[in-house]
Amino acid sequence: MGAGSAAGAALPAEHVRVSRLTRLLESEKLLASVLLVPGLAILLIFIAYPFVMALWYSLTSIRVGDPGQFVGLANFTKAWNDTIFQTAFKNTVFYTFWATIFKLALGMWLALLLNRTFRFKRIIRASMLLPFIVPTVLSAFAWRWMFDPTFSVMNWVLYHSGVITDRLPFLSDGDWAMWCAVLVNTWRGMPFFAITLLAGLQTISPDLHEAAALDGANAWNRFWHVTWPLLLPVTLVVVVFSVIQTFSDFQLIYVLTGGGPANSTHLIATYAYQVGVASGLLGEGAALSLFMFPVLFAVVWIQLRFMKRMEGA
Amino acid sequence: MANVTIRNLNKKYDGGFHAVKDVNLEIRDKEFMVLVGPSGCGKTTTLRMVAGLEEITSGEILIGAEVVNDLPPMDRNIAMVFQNYALYPHKSVYQNMAFGLQMRKYPKHEIEKRVREAAEILGIESLLERKPRQLSGGQRQRVAVGRAIVRHPEVFLFDEPLSNLDAMLRVQMRVELKRLHERLETTAIYVTHDQVEAMTLGDRVVVMKDGWVQQVGEPLELYGKPLNRFVAGFIGSPAMNFVDVTVSDSSGVLWADADGLRLKVPPQLVERVRAHAGKRIAIGVRPEALHLASGSDLPEYSFDTAVDVVEPLGNEILVNFRAGGAPMVARVDPAVRLKARQNIRVALDPERVHFFDDKSGAAI
């Protein structure tokens, strides 16, 4: 290699520096750190920093224009005894529970339907994602109009077809409004369930269904003994994902009811926004929103444990 | 126990592909019937129609005396072993084998008894608590067979069950399947593309191509008396040698001529070949019907050539050479030492020569 090293020595200094850098990056440890830095920076600036600030704010009496002072857990005790917060917490659990159940059931049904072969399969599968693609604010506005006390198209149809004699209080009654929110959330989130479950269904070998059919299993037994257990890991991931999103949902309620009538449809997120941003009580708002944290943490922890157990089995 | 009758069976797919064409078969009670052919020949489609997994376009399938065309798979009293085993990945071996019986509402002790019995036959008693992914390929295959036999079905269907196993295991499982069939005495239909499997397992073998049945017969019948050039070439390894020849009649004696090759048509075939005088036909000779010529071989059944490649296999030697413009293989005594490019004289056994029509490929 005498000729090679002679040629290397003759190269300009710049080239030597470049190859030294390249050689440094050959080290996997160094390269890994270099590649990790941007992601880590984003996490620190946009997630860790706001979270720590929220923790700190929740322990102070900070409000807009006033840095406030350390008050310990006063904000949390206040929230705990706040009847609107109690309603908002119950609403959040109610909203998350029913919306997830409906999304799962309907999404599974849709996924099973779409997993068959039929005409225009691709177009229908793609168009089904529409509710998910439309910005929530826009679709929530559309729904608000459909539920509007005066202009509701549903009331109009039901009234003129003689099904009802009095207009239905879609958004003007607290209980009705919560169910309307569940409906809209289900409509919006179901495509995500359906598409994800469909992807899961397509990984299940058709041979298993044929084997089960030969084993004497009818359609329900094939679903219960083959499809459902094999789809469980995927189902679990979508459910957890949906629970996190629904539990911390903001846009839909904000546009649909704004928390009303009479603060009866607030979720934790919308109420925290109203207190913290709209009323400027930053400390109290931070404390309110932090009530979501232990619940979401528990959900993720349970899911991780479950997944680990299934992998081990 | 039951026989399976297939009458004028056809399968056309929506795209217009005609996969199975007018198949007629009578599979006798307790018979091991093998369907063999290259991929796309319709063998698996035929099997799946018997199973009820594929709709029948036209024709009839009977199991016993009953027409099963419109019966769902579960009501046909059949069991099937799939190519990729199709074991339920989330169930244990025991649960996999028990599932069919549970679905049919057998009492618990009966299920337990049958699963243990099948596990014992297959030598998998120690694996009952394991999940399929903790098993080797051969063990999974046994579980798949076990799942079929616990049901005590009237007919077993096998869809290329050994093709995912390595060569050693395949030979071993082949023997086990044969032993199992002799023990259980159940009618079996077995699909494979491997002619060795077909020959070793089948009581009878159906050779298929392009959706048509080419020939049905016992293994040695297919080997010795192929009905057409396709069957002759498909059955046997190394394959039969074919040379295109022209038949000429010189004062009553028929000769088959090709480039540098002149062979007398053997007396037992003269009558049938005479009709083809002056035309092109194909001559077919199996590698073991060729040998190195000695003084006792007649010159009209011998020819000169040069060795191309020698394949010493130990128990035999395969000699590759060219004759009449076509590549040929001869199976010769392993004691003979041959080298490439060496000149040799090869003789054929006139009793074991086949002639095939040039166009239809039918045996003459």
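**Ground rules**

I number residues from 1 along each chain as its sequence is written, and chains are lettered from A in the order in which they are written. Since this is a predicted model, local features need pLDDT of at least 70 and side-chain atom pairs count only at pLDDT 80 or more, while totals for chains, interfaces and linings use all residues.

**Entry 1: chain B overall**

I began with the box around chain B: its C-alpha atoms fill roughly 80 × 45 × 35 Å along the principal axes. I then looked up nine helices and 20 strands in this chain. Helices (H or I, at least four residues) and strands (E, at least two) are DSSP runs, numbered from the N terminus.

Of the 364 residues of chain B, 40% count as buried. Buried needs 20 or more other C-beta atoms within 10 Å of the residue's own, exposed means 12 or fewer, and partly exposed is in between, with C-beta atoms placed from the backbone.

I also checked contacts (two C-beta atoms, placed from the backbone, within 7 Å). Among chain B contacts with a separation of 6 or more, 66% are between residues 24 or more positions apart.

**Entry 2: the six-stranded sheet**

In what order do the strands of the open sheet of six run? I read it as β6-β7-β8-β3-β9-β10 of chain B, with mixed pairing. Strands pair if DSSP finds at least two bridges between them. β6 (78-81) and β10 (212-217) of chain B each have a single partner strand, so one side of each is left without a neighbour in the sheet. Neighbouring strands here are turned by 15 degrees against each other on average, direction ignored. The axes for that are lines fitted to C-alpha atoms, and angles in general run from 0 to 180 degrees between N-to-C directions.

I followed β6(B) to its partner β7 (residues 155-159) of chain B: the two run parallel, joined by four bridges. B:I78 stands opposite B:V155 there.

**Entry 3: strand β3(B)**

Why is β3 (residues 32-36) of chain B largely enclosed by the rest of the structure? Five of its five residues are buried, so that explains it.

Next came the partners of β3(B). β8 (residues 187-192) of chain B pairs with β3(B) in the parallel sense over five bridges, with B:L35 opposite B:V191. β9 (residues 204-209) of chain B is also parallel to β3(B), over four bridges, and B:V36 has B:V207 as its bridge partner.

**Entry 4: nonpolar cores**

A nonpolar core is a set of buried Ala, Val, Leu, Ile, Met, Phe, Trp, Tyr and Cys residues joined through C-beta atoms within 7 Å. The largest one has 109 residues, and those with the most contacts inside it include B:V34, B:L157 and B:V207. Helix α2 (residues 93-103) of chain B gives the largest share, seven residues. A second, separate core has 34 residues, among them A:A79, A:A177, A:V184 and A:L282.

I picked out B:L157 and listed what it touches, leaving out residues up to four places away in sequence: B:L47, B:V50, B:A51, B:I78, B:M80 and B:I189.

**Entry 5: more strands in chain B**

Another open sheet has five strands in the order β15-β19-β16-β17-β18 (chain B), with antiparallel pairing. Its edge strands are β15 (290-292) and β18 (326-332) of chain B, and the twist averages 45 degrees from one strand to the next. Seven bridges join β17 (residues 317-323) of chain B to β18(B), and B:R322 stands opposite B:P327.

I then turned to β1 (residues 4-12) and β2 (residues 18-27) of chain B, which pair antiparallel over six bridges. B:K11 stands opposite B:V20. The hairpin has five residues between the strands, and B:G16 takes a positive phi near 100 degrees.

**Entry 6: where A meets B**

How many residues of chain A are in contact with chain B? I noted 14, against 17 residues of chain B. On the chain A side, α11 (206-214) and α12 (219-247) give two or more residues, and α11(A) has the largest share with six.
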